[in-house]
Amino acid sequence: MTNLHPHDIRPPAVAGFFYPDDPGALSDTVDTLVRTVKNRAVPDEPPFAIVVPHAGYAYSAPIAAEAYALLPRFRRQITRVLLLGPAHRVGFRGLAAPSSAAFGTPLGDVAVDRHAIAALSQLPQVVIRDDAHAQEHSLEVQLPFLQRALGRFTLIPLVVGMASPEEVAEVISVMTAEPGTLVVISSDLSHYLDYDTAGQLDRQTVDAIMKLDESAILDEGACGRLPIKGLLQVARTTGLTPELLDLRNSGDTAGSKDRVVGYASLAFRNGEGAGLKRAERETLLHVAETSIRRGFETGAPAAIDASAYAGSLAAPGACFVTLKSAGQLRGCIGSLVAHRPLIVDAAENGFGAAFRDPRFPPLTAQDFDKVDTLEMSVLSAAHPLSAGSLDLLAKALKPGIDGLIVRDGDHRATFLPQVWEQLPDRRTFLPHLWRKAGLPQNHWSPNLKTWTYRTQSFIRVPAN
């Protein structure tokens, strides 16, 4: 990072204590740990989330490496990390975000996603507290692993104080509506029990995680139980499947067996058969980009023969295509109803996002060179949502998960689930959607109808 005053950077607090402070030694340590992970089949998809321990590297890093070894393959897909860990130094209510623009490590600075922090600050459970971050190790020790695994990425660092699982789940849901976001939960398991007793309690905690049963996690089972419980709520809602990668304790790595600390490494992935396959998503993105390039040549979208495709691509489907340049919207067009083959919808909406969004002038080839994100969101079927008031409607919505359509007469609009990231508070989400539809902010009438839907979203960087 450049042009940052030292006061804008949260400096490392435990370098030289929890992990090496020499950049070369640190890189070698992390790379060696990841390299020594036994050959493990890496899925075609990046994990939605990982759970990793946060003790000194001599004790817990071999277990953490089991999860981090999954990530290097997905460097281009993972562009942002939502990092949550428990508070060890400062007591407070809610989740603490920093005011810093970056977090420093011996390997360099990691940029904080300030737009995401600003949006999260609208939620009552998120507070800006630099004191909660100043000496906190649970987040810091993960950064060198992330830097070596992912290269460049932006960071949303949150220290979790006294917060409910529901409050944590809301933050996770809102932030992961943006494709390319990895959730990292930092947590050790049992603390300072004898080897056998710790093993029993740690197995009980892991069994609860594998069953997505946060109620079975005891207070003494994990220091990061609150962020873990929030993740489990999201996992149940979105159909995530946990996988245990490693379970050991400090008695297995670098400590005595008299008083040990437990460590587990887990990955959470989309359930088997959930949504489009990777090859299908790549095809949709390729067709959308090809249609844009064809538009520069012919002024028309690419002509797609749906009979040349099979499965979900040939079936009726609805999608939105979004173009961004330097993080700013440059075009977004889509379909709310599946009225043509999905592959054709992708071609038409790719062209539309580039040339037919009335908010922007038609894209030029030079403009397209500056587009750094092409995002595809494939919509589920929409389901009516009945509510007797705005308050009841707001309470029925799942932030970060539900897209919403509103219609009253000729007034109609939608927000994709990704919009929750800019408007995470239900109190602001609905008024902005009403405004988009041309309705008064607090409008409610017997004719007003709403539908919810969900999306499977994915991105690519155009081959400019």
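These notebook entries record what I looked up in the predicted model of this protein.

**Basis.** I number residues from 1 along each chain as its sequence is written, and side-chain values use heavy atoms, without hydrogens or water.

**Fold and dimensions.** I find 15 helices and 20 strands in the protein (DSSP runs, H or I of at least four residues and E of at least two, numbered from the N terminus). The radius of gyration is 23 Å, close to the 23 Å of the globule rule for 464 residues, so the protein is as compact as a globular protein of that length (C-alpha atoms; 2.2 Å times the number of residues to the power 0.38). Along the principal axes, the C-alpha atoms fill a box of roughly 70 × 50 × 45 Å.

**Burial and contacts.** I note that 53% of the 464 residues count as buried (under 20% relative accessible area, 1.4 Å probe, protein chains only). Of the contacts between residues at least 6 apart in sequence, 79% join residues at least 24 apart (heavy atoms within 4.5 Å).

**Cores.** The largest nonpolar core has 100 residues, and L84, F268 and W434 touch the most other members (buried Ala, Val, Leu, Ile, Met, Phe, Trp, Tyr and Cys joined through side-chain atoms within 4.5 Å). Beyond four places in sequence, I list among the contacts of L84 the residues L95, L139, V183, S186 and P227. A second, separate core of 27 residues includes L323, A346, F368 and F458.

How values were computed. Predicted model: local features only at pLDDT ≥ 70, side-chain atom pairs only at ≥ 80, totals over all residues. Buried < 20%, exposed > 50% of the residue type's maximum accessible area, 1.4 Å probe, protein only.
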